[in-house]
Amino acid sequence: GRDTTYRVNAAPVAAPNGPAVLLTFEDLTDIEEAGKMRRDFVANVSHELKTPLTALMGFVETLRGPARNDSKAQDRFLTIMEREASRMSQLVQDLLSLSRVEEHERVRPTEEVDLVALVASVKQSLEPVAKSSDVIINLDVPETQVQVLGDSNQLRQVLTNLIENGIKYGGAGKSVDVSVSVPLDQPLIRGKGVTIHVTDHGEGIAEHHIPRLTERFYRVDSHRSREVGGTGLGLAIVKHIINRHRGRLRIQSKLGQGTVFSVILPILE
Ligand code: ADP
């Protein structure tokens, strides 16, 4: 189990048989854990920002000094600096998304969103990324609209993050398959939701990593993830958005075969 922390308060009170002391116990365990999580988070963010910053400062030095008159080297260094700067910018963007999503997690989304149209639109915006990675995005959706009560921007972000991961970790020459399905028999039955599957055919994820994937900054292989350009926040954002929609995220993976991310959302009633 875990340790429990109490704050004990003693207050003098008047009781029928004379003065007495009232002891109150306040359970601080959750507050302490929240404090530790916040400290870990700040440490992680600082580390993630410091790495590209250190690289940038190193290159500035080099450009001022040894590479001062070497225009070929300057070009090469500027390209790397641009990449490091855009990594920092992506990280800041993801941090802002995460904090916005957390802030509104208790507010029920109220828009009517057609998932079929949304999936098509996300596919369209990711087409250039897919193309440059030699990945094909396949859609398998019903002919009708599939409405859920949601926040369209946030659901767009969920789809974008999952499909982008499918492209990044699925690998060149493979496809990312996206489907939207409603229960066949009675599409609008209470409690049965609509399911979005995002399937890739990449290297897969070992089972023991799966429960931790939605933690902030958790990466299976931090070196490789850094190379493919992730911040480690994408699935944390996805998880919070799905929570807000009272939905569920299921991750199934087979090493060497690929991964299926399933988002199950309550349907509009
Ligand atoms: P990142 O920005 O690093 O991609 P995410 O939060 O989106 O961060 O994902 C966390 C980690 O989960 C990734 O670093 C990667 O190790 C793993 N992961 C996510 N999606 C996939 C996938 N489709 N296939 C294999 N591994 C994945």
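How are α3 and α4 oriented to each other? In this predicted model, α3 and α4 are oblique to each other; angles under 35 degrees count as roughly parallel, over 145 as roughly antiparallel, 65 to 115 as roughly perpendicular and the rest as oblique. Residues are numbered from 1 along each chain as its sequence is written. Local features need pLDDT of at least 70 and side-chain atom pairs pLDDT 80 or more, while totals for chains, interfaces and linings use all residues, and side-chain values use heavy atoms, without hydrogens and water.

**Helix packing**

Two packed helices are described by the angle between their axes and the distance between the axes. Axes are lines fitted to C-alpha atoms, for helices over the stretch in contact, with angles from 0 to 180 degrees between N-to-C directions. Helices are DSSP runs (H or I, at least four residues), numbered from the N terminus.

| Helix pair | Angle between axes | Axis distance |
|---|---|---|
| α3 (residues 115–132) and α4 (residues 152–170) | about 45 degrees | 10 Å |
| α1 (residues 29–64) and α2 (residues 71–103) | roughly 160 degrees | within 10 Å |
| α2 and α6 (residues 234–244) | roughly 20 degrees | within 9 Å |

The angle between α1 and α2 makes α1 roughly antiparallel to α2. α1 passes α2 in a left-handed crossing, meaning that the near helix is turned anticlockwise from the far one by less than a right angle (clockwise for right-handed). The residues of this contact divide into 20 nonpolar, two polar and three charged. Here Ala, Val, Leu, Ile, Met, Phe, Trp, Tyr, Cys and Pro count as nonpolar, Asp, Glu, Lys and Arg as charged, and the others, Gly among them, as polar.

α2 and α6 are roughly parallel to each other, and α2 passes α6 in a left-handed crossing. Asp94, Ser97, Leu98, Val101 and Glu102 in α2 meet Ala236, Ile237, His240 and Ile241 in α6, where contact means heavy atoms within 4.5 Å. Five of these residues are nonpolar, two polar and two charged.

The crossing of α3 and α4 is right-handed. Among the residues that meet there are Leu118, Val122 and Leu126 in α3 and Leu155, Leu159 and Ile163 in α4. The contact comprises eleven nonpolar, four polar and two charged residues.

**Ligand surroundings**

The ligand is surrounded by 18 residues, the closest being Tyr169, Asp200, Thr231, Gly232 and Leu235; a residue counts if one of its heavy atoms lies within 4 Å. An N or O atom in the side chain of Asp200 is 2.7 Å from a nitrogen atom of the ligand. A backbone N or O atom of Gly232 lies 2.8 Å from a ligand oxygen atom, and a polar backbone atom of Val220 is 3.1 Å from an oxygen atom of the ligand.

Methods: Helix = DSSP H or I, 4+ residues; strand = E, 2+ residues; numbered from the N terminus. Polar contact = N/O pair within 3.5 Å; in protein donor to acceptor, adjacent residues only side chain to side chain.
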